[in-house]
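Please read it alongside the sequence and the structure.

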Amino acid sequence: MTPVTADDTAGMSPLFARLTRGGQWLRQADRARPWVLDTAVVVLVFLMFCLADLVHGHDGRRELAARFTRPPLAGMLALQAGLVLPLLWRRRNPSAAFAVIMAVFLLQWSLGVLLRADVALLIALYSLTLHGTLRRLAWACAVTAVGLVLVAVRASAVVSVWDALFFLFSAAIAAVAVGMAVRIRRAQLAGLRERAARLEIERDQRSRLAAATERTRVAREMHDIVGHNLAVMITLADAGAYACDVTPERGKQALLLIGDTGRQALGELRRMLGVLREEAEAPALSPQPGIVDIDALCARIRSAGPLITYRTAGDTDALDGGVQLTVYRIVQEALTNSLKHAGADTRVRLAIGVEGARVRIRIQDTGPPDDSRPAGPPNEEGHGLAGMRERAALYGGTVDAGPVPRPGRGWAVQATLDLTPLPGSEGGTP
C-alpha cells in the first residue's frame with residue numbers, strides 16, 4: 001500500500017487527516033504483528049462482556065434468574081473461554097473459529113445459560129464474511145438462524161418470540177452486511193492498486209519503446225550522415241593520393257573537396273546533437289535537407305568520380321518537409337552504396353517522380369567496370385538498406401533493391417512512398 005504523504009492529506013480537515021494517518025499506521029502495525037490485534041479483540045471482549053457476567057451475574061433480575069441457570073464459576077469460565085478464545089484465529093481460519101464458537105453457543109443455550117460473551121458469535125460471523133469463502137458463509141448463516149431460533153424460544157418467557165427474533169436476526173444481518181461491505185471495499189481497493197500497477201508498467205513500457213524508437217531514429221540519421229560523407233571522403237582521398245603523383249592540381253582539388261565534405265558532415269552532426277541536447281538554450285539549427293539539396297549531393301558524388309544523371313518529374317517542391325527528408329536520405333544512401341561498391345567509374349541514373357499521392361525514386365548504376373560487384377545486396381554488412389525500408393515504411397512505402405535486368409551488370413534501388421492520408425487522420429505526415 002502506498003504511504004499517505006503530506007500532499008495526500010493537504011485538502012483534508014486536520015481531524016480527518018489525523019484519522020487517515022492513524023488508520024494507516026494501525027494497518028502497517030497489524031501487517032507487521034497481526035497477533036497483537038487478535039489478542040486485543042479477545043481482551044476487549046472479555047473486559048466489556050465476560051467480566052460483567054463474572055461479577056454481577058443477571059443484575060438481580062428475578063425473571064432472568066428464574067428462566068436461566070447460573071453455572072458455577074469454573075463452568076462459566078469454560079463457556080466464556082470457548083466463546084472468546086477462538087477469536088484469536090478468526091482471521092487465519094475463520095471457518096474453524098466460527099464452528100467452535102457456534103458449537104459452544106448451542107451447548108450454552110441448550111443448558112439454559114445466558115452469557116454476554118455471546119457477542120463473540122457476531123464477531124465470528126463478521127470475520128467469516130470478511131475473510132472466508134461465500135459458500136461457507138451460506139452454511140454459517142443457516143446454522144446461525146437455527147441457533148437464533150433456539151435463543152428466541154428460550155427467551156420467550158422474558159420477551160416475545162417475534163421481538164427476540166427481530167432483534168437477533170437484525171444483529172446477525174448487520175454483522176454480515178458490515179463484513180460484506182468491508183470485503184467489497186477491500187476488493188475495490190485491491191483492483192485499483194492492481195490497475196495502478198498495471199498502468200505504471202504500461203507507462204514504463206511505452207517509455208522504453210519510445211526510447212528505443214528514438215535510438216533507432218538517431219542511429220539511422222547518424223548512419224546516413226557519417227556513412228555517406230566518410231565514403232565520399234575516402235574515395236576523394238584515394239583519388240587525391242593518386243593524382244598527387246600525376247597532376248598535383250587535381251590532388252589539391254581533391255583535398256579541398258574533402259574539406260568541404262567534412263565541414264558539411266560536421267554541420268549535420270552538430271545539428272543532430274543540438275536536437276538531442278537538454279539545455280534550455282540550443283544552438284541555431286539549419287533546416288533539414290530536402291529535394292532541393294539533392295543537386296549538391298550529386299555534385300559531391302560526381303567529384304569523387306561517378307557520372308550522375310539526375311531528373312525529376314512532378315511538383316517535388318510541394319512535398320512535405322518530412323517526405324523530402326525521407327527522399328533525400330534514401331537517395332543519399334543509394335548513391336553512397338553505388339560509390340562504395342560500384343567504384344568511381346560507374347554511371348548512375350537518378351529519377352524522382354511525383355505521381356498523384358505517390359513518390360517514386362529510382363537509382364540505377366552500371367556497376368564496376370571489371371564486373372567485380374558481389375551478387376548480394378551492396379550494403380548487407382550494414383544497416384543502409386534496412387534504414388531505407390524503415391524510412392519508406394513511415395509513409396506506407398516499399399524499397400526494392402537488386403541487380404538490373406541485364407545479366408551481370410549494375411544495381412538498382414527503387415522506392416515508392418504512399419502519401420495517401422490514413423482514414424480518420426487530418427492529412428499530416430506521420
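## Crossing of α4 and α5

A crossing is called left-handed if the near helix is turned anticlockwise from the far one by less than a right angle, and right-handed if it is turned clockwise. By this definition α4 passes α5 in a left-handed crossing. Helices (H or I, at least four residues) and strands (E, at least two) are DSSP runs, numbered from the N terminus.

The two helices α4 and α5 pack at an angle of about 150°, and their axes are 8 Å apart. Axes here are lines fitted to C-alpha atoms, for helices over the stretch in contact, and angles run from 0 to 180 degrees between N-to-C directions. On the side of α4, Leu-79, Gly-82 and Leu-83 meet Val-100, Ile-101, Val-104, Phe-105 and Gln-108 of α5, where contact means heavy atoms within 4.5 Å. The residues of this contact divide into six nonpolar, two polar and no charged. In this classification Ala, Val, Leu, Ile, Met, Phe, Trp, Tyr, Cys and Pro count as nonpolar, Asp, Glu, Lys and Arg as charged, and the others, Gly among them, as polar.

## Basis of the model and overall composition

The model is predicted: local features need pLDDT of at least 70 and side-chain atom pairs count only at pLDDT 80 or more, while totals for chains, interfaces and linings use all residues. Residues are numbered from 1 along each chain as its sequence is written, and side-chain values use heavy atoms, with hydrogens and water left out.

The chain has twelve helices and five strands. Of its 430 residues, 36% count as buried; buried means under 20% relative accessible area, exposed over 50%, and partly exposed in between (1.4 Å probe, protein chains only). Among contacts between residues at least 6 apart in sequence, 68% join residues at least 24 apart.

Helix α5 packs with α7 at an angle of about 15°, their axes being 10 Å apart. That makes α5 roughly parallel to α7 (angles under 35 degrees count as roughly parallel, over 145 as roughly antiparallel, 65 to 115 as roughly perpendicular and the rest as oblique). The contact involves Ser-95, Phe-98, Met-102, Phe-105, Leu-106, Trp-109 and Ser-110 of α5, and Arg-136, Ala-140, Val-143, Thr-144, Gly-147, Leu-150, Val-151 and Arg-154 of α7. Its residues divide into nine nonpolar, four polar and two charged. The crossing of α5 and α7 is left-handed.

Helix α6 (residues 119-131) and helix α7 (residues 134-154) pack at about 160°, with axes 9 Å apart. The two are therefore roughly antiparallel to each other. Leu-125, Leu-128 and Thr-129 of α6 make the contact with Arg-136, Leu-137, Ala-140 and Thr-144 of α7. These residues divide into four nonpolar, two polar and one charged. The crossing of α6 and α7 is likewise left-handed.

## The aromatic pair

The structure holds one aromatic pair. The ring centres of Phe-105 and Trp-109 are 6.3 Å apart and the ring planes lie at 55°, so the pair is tilted. Rings of Phe, Tyr and Trp (its six-membered ring) pair if their centres lie within 6.5 Å; planes under 30 degrees apart count as stacked, over 60 as edge-to-face and the rest as tilted.

Phe-105 and Trp-109 are four residues apart in helix α5 (residues 94-110), and are thus separated by about one helical turn. Both Phe-105 and Trp-109 are buried.

## Two individual residues

Leu-77 is placed in helix α4 (residues 73-84) and is partly exposed, with a relative accessible area of 39%. Leu-77 and Leu-54 are 23 residues apart in sequence, and their C-alpha atoms are 8.3 Å apart.

Arg-349 lies in strand β2 (residues 347-355) and is exposed, with a relative accessible area of 53%. Leaving aside neighbours within four places in sequence, Arg-349 is in contact with Thr-309, Arg-362, Ile-363 and Gln-364. The C-alpha atoms of Arg-349 and Thr-366 are separated by 8.8 Å, with the two residues 17 apart along the chain.
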